[in-house]
Amino acid sequence: MELFQVITLAEARRQLGRYWPLPGRREMVVPLTEALGRELVRPVVAGEDVPGFDRATMDGYAVRAVDTFSAREGEPVLLRLAGEVPMGQKAGVRVNPGEAVAVATGSMLPPGADAVVMIENTEVLEDDRVAVYKPAAPGQDLVRQGSDVRAGATVLEAGHRLRPQDLGVLASLGINRVPVYEPWRVGILATGNEIVPPEVQAGPGQVRDINSYTLYGLVRDCGAEATLYGIAPDDLETLTARVQEALAENHLVLLSGGSSVGTRDLTVQVLAGLGQPGILFHGLAIRPGKPTLAALAGTKMVFGLPGHPVSAMVSFKVLIEPLLRYGGYEGPAGRGTVTATLGSPIPSTPGREDYIRVRLEAGPDGFLAVPVPGGSSIISSMIQADGLVTIPLEEEGLEAGTKVEVELF
């Protein structure tokens with residue numbers, strides 16, 4: 001293919017989405033305590049009602065609502081106290097006309113009752129009677145059996161990534177072992193003769209490896225497993241061997257550096273020789289991140305990310321993060337965003353999407369988004385920024401005062 005034929009982000013996502021999710025992930029059964037962030041292999045169908053019985057949601061008295069309708073502050077309704085339902089026990093008493101039964105929050109509702117009167121609206125008299133000073137409506141301060149989850153209902157769909165609240169639902173259904181997919185495994189390899197490890201004192205013309213560690217953090221933050229494969233020199237044979245090693249052990253491989261057009265940029269050559277269908281695209285109509293490329297080698301996906309740290313991070317966030325975190329590009333709407341007012345104008349060029357780093361400040365009418373200066377090689381600009389503002393493909397820029405959505409880091 002002719003390289004560096006820039007395509008839009010939408011087209012790149014369309015091409016990648018054809019192959020995602022990648023096949024071959026193992027299924028495993030894990031304890032409920034280890035299931036957070038994992039993806040369900042199959043739907044969860046409730047085997048029982050939740051709650052499994054009618055229960056009170058307030059301390060007070062279970063009553064027949066109709067018996068309380070005439071209650072007033074100065075003219076209480078008097079009901080006979082017929083007993084109580086201890087917490088954690090089956091109701092052993094029935095509410096008959098003109099009666100009340102003491103209950104606590106979470107107690108089983110006794111048969112015959114259809115409401116609970118809060119204890120604050122009652123008074124216990126000496127002759128085993130309860131004075132009710134406020135009427136109760138049918139269904140007041142109780143939950144019915146199955147009102148949370150009905151037996152037979154699909155509670156969670158296959159592929160759903162489990163959140164803390166999902167673990168609670170599974171526990172309520174008596175599920176303590178969960179069938180999930182193994183996490184996506186991602187190999188990370190830095191390239192370039194000028195790159196040295198962080199612990200090495202960089203000499204003239206050398207820079208420490210930044211991208212491996214920012215990408216490692218981004219991958220782990222998405223719930224995937226990450227493995228660092230070190231730094232490969234600008235040597236075709238060595239780079240090919242290192243990439244093949246990473247491919248054999250992972251589902252995805254991320255290479256940083258060597259993706260632009262130049263005499264020593266070998267990533268394209270390596271990816272083109274890995275197998276079919278080969279390189280999917282080389283070049284995105286975004287800034288930063290234009291040299292990004294992607295390839296498919298059998299069932300494995302490989303990304304060549306730009307060497308500049310900001311470019312690599314932006315490319316990861318717009319292309320790879322949605323796949324790892326949400327399983328595709330149609331994730332939850334408005335995820336991790338806030339609305340803000342642009343503090344200064346931002347120029348742009350139609351035909352590419354610009355991702356502008358901004359910091360958030362308190363403004364007179366909410367958040368103010370202030371652009372953070374710095375080129376794509378200035379990693380400290382990502383520390384100073386709180387998120388990104390996207391300038392759409394067709395826009396020539398944004399004026400100060402424009403309302404924008406800031407995607408938070």
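**View 1. Ser-256 is a buried residue, with a relative accessible area of 3%.** The model shown here and in the other views is predicted. Ser-256 belongs to strand 17. Apart from neighbours within four places in sequence, Ser-256 touches Leu-189, Ala-190 and Thr-191, together with Asn-211, Leu-215, Leu-305 and Pro-306.

**View 2. Six strands form an open sheet in the order 16-13-17-21-20-18, with mixed pairing.** Strand 16 (225–232) and strand 18 (277–282) are at the edges and have a single partner strand each, so one side of each lacks a neighbour in the sheet. From one strand to the next, the twist averages 15°. In general, the strands of a sheet are paired through backbone hydrogen bonds, in either a parallel or an antiparallel way.

**View 3. Strand 13 (residues 185–191) and strand 16 run parallel and are joined by six bridges.** Within strand 16, Ile-231 is the residue opposite Ala-190. Helix 4 (residues 236–249) packs on the sheet, where it touches strand 13, strand 16, strand 17 (252–256), strand 20 and strand 21. The direction of helix 4 makes about 170° with that of strand 16. Ala-190 is also one of the residues in contact with Ser-256.

**View 4. Strand 18 and strand 20 run antiparallel, with five bridges between them.** Pro-277 faces Ala-297 of strand 20 across this pairing. Five of the six residues of strand 18 are buried, so strand 18 is largely enclosed by the rest of the structure. Helix 1 (residues 9–17) lies across strand 18, strand 20 (293–297) and strand 21 (300–305). Helix 1 runs at about 165° to strand 18.

**View 5. Trp-20 and Trp-184 form a tilted aromatic pair.** The count of aromatic pairs comes to one. The ring centres of Trp-20 and Trp-184 are 4.4 Å apart, and the angle between the planes is 40°. Trp-20 lies in the loop between helix 1 and strand 1 (27–31), while Trp-184 lies in the loop between strand 12 (177–181) and strand 13, so the pair ties together parts 164 residues apart in sequence. Are these two residues buried or exposed? Both Trp-20 and Trp-184 are buried.

**View 6. The charged end of Arg-25 sits over the ring of Trp-184.** The distance from this charged end to the centre of the ring is 3.7 Å.

Notes
Residues are numbered from 1 along each chain as its sequence is written. This is a predicted model: local features need pLDDT of at least 70, side-chain atom pairs count only at pLDDT 80 or more; totals for chains, interfaces and linings use all residues. Side-chain values use heavy atoms; hydrogens and water are left out. Two strands pair if DSSP finds at least two bridges between them. Helices (H or I, at least four residues) and strands (E, at least two) are DSSP runs, numbered from the N terminus. Axes are lines fitted to C-alpha atoms, for helices over the stretch in contact, and angles run from 0 to 180 degrees between N-to-C directions. Contact means heavy atoms within 4.5 Å. Rings of Phe, Tyr and Trp (its six-membered ring) pair if their centres lie within 6.5 Å; planes under 30 degrees apart count as stacked, over 60 as edge-to-face and the rest as tilted. Buried means under 20% relative accessible area, exposed over 50%, partly exposed in between (1.4 Å probe, protein chains only). A charge sits over a ring if NZ of Lys or CZ of Arg is within 6 Å of the ring centre and within 35 degrees of the ring normal.
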